[in-house]
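Welcome! Here is a short briefing to read alongside the picture.

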Amino acid sequence: MSVIAFYTNCKDQTGNTMSAIAFATYLGIVQNQKTLFISTSINDNTIRQAFWGTPPKKRSGLFGPNTNVISENGIEGLDRVIRSNKIAPDIITDYTKVALKNRLEILMGYRGSEEQYRSIQKQYLQIANMASKCYDNVIIDIDKQLDMKTRFELTNAADVVVAMTTQKLENINDLITTMNDGVALKRQNSIITLGKYDENSKYNSRNISRNILKQKDIVNTIPYNTILFEAVQEGQIIDMFIKFLGIKGKDENTFFIEEIERLKKSVEEKIREQQLMK
């Protein structure tokens, strides 16, 4: 129903993929809804590691590695289906990997050559549109390696864009300029979100809202959290969220969860605004 894109035009590391994973996992745990996470990456193991850990190395036989193995990479299969004009919304789930049963499914990024990636990435927009007909939430992690046309198609088609940036003043101003240009991002469906956030910085969300944007409480954050980065490397992200949600009292982990929840509410409010405009 709702397409939510995580996007950054920032050259510095914003933790865009990590933030998208965290948001999708949180939705999968706290909401009784079906969420699809679409990775648009190439040759990146981050998503697989986050949910299932690092797979064991394949054993080689007498004649080298066993190549007679069906690829687990769903995007390749979907690409073949689309090219044969047999695509339908309910087919997508056949090519996903289940992270949380009936709640969170993952469409893995592409693994292969850059040439084939350039061809396959043309299908992401159609896949997202199709998926929105059979999932409650479709979350797209827009990779920087996608070509500019594809990135802009995905941001413009999304119901909400979580626009990630850092706490560097130059990057914040660049993001605001991008939103004002209205090509890659549009103000009406974009949510400014600070990645790897440090509350103790001079450029915290309150000061940015008040002094730069001249408005109140419109900047969201994904706080930097060491345990999150460790959990993603160890395939423990679901267990991490369950543990965090059970913590009582106030610490950096409850602050992390509170900010994810605040982003969720901002996304829901933005979706309501978009629906009223239609």
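Two strands pair if DSSP finds at least two bridges between them. Helices (H or I, at least four residues) and strands (E, at least two) are DSSP runs, numbered from the N terminus. This is a predicted model, in which local features need pLDDT of at least 70, side-chain atom pairs count only at pLDDT 80 or more, and totals for chains, interfaces and linings use all residues. Residues are numbered from 1 along each chain as its sequence is written, and side-chain values use heavy atoms, with hydrogens and water left out.

**Strand β2 and its partners**
- Strand β2 covers residues 35–39, and five of its five residues are buried (under 20% relative accessible area, with a 1.4 Å probe and protein chains only).
- T35, F37 and S39 lie on one side of β2, with L36 and I38 on the other, so both faces are covered.
- β2 pairs with strand β6 (residues 104–107) in the parallel sense over four bridges, and F37 stands opposite I106 in β6.
- Strand β7 (residues 137–141) also runs parallel to β2, joined by five bridges, and here T35 stands opposite N137.

**Helix α5**
- In helix α5 (residues 124–131), the buried residues are Y124, I127, A128, M130 and A131.
- These buried residues fall within an arc of 165° seen down the axis of α5 (taking directions from the helix axis to the C-beta atoms), so they line one face of the helix.

**Helix α11**
- Helix α11 (residues 252–277) has 26 residues and reaches 37 Å from its first C-alpha to its last.
- Among the buried residues of α11 are F256, I260 and L263.

Note on methods: Expected span 1.5 Å × (residues − 1). Buried < 20%, exposed > 50% of the residue type's maximum accessible area, 1.4 Å probe, protein only.
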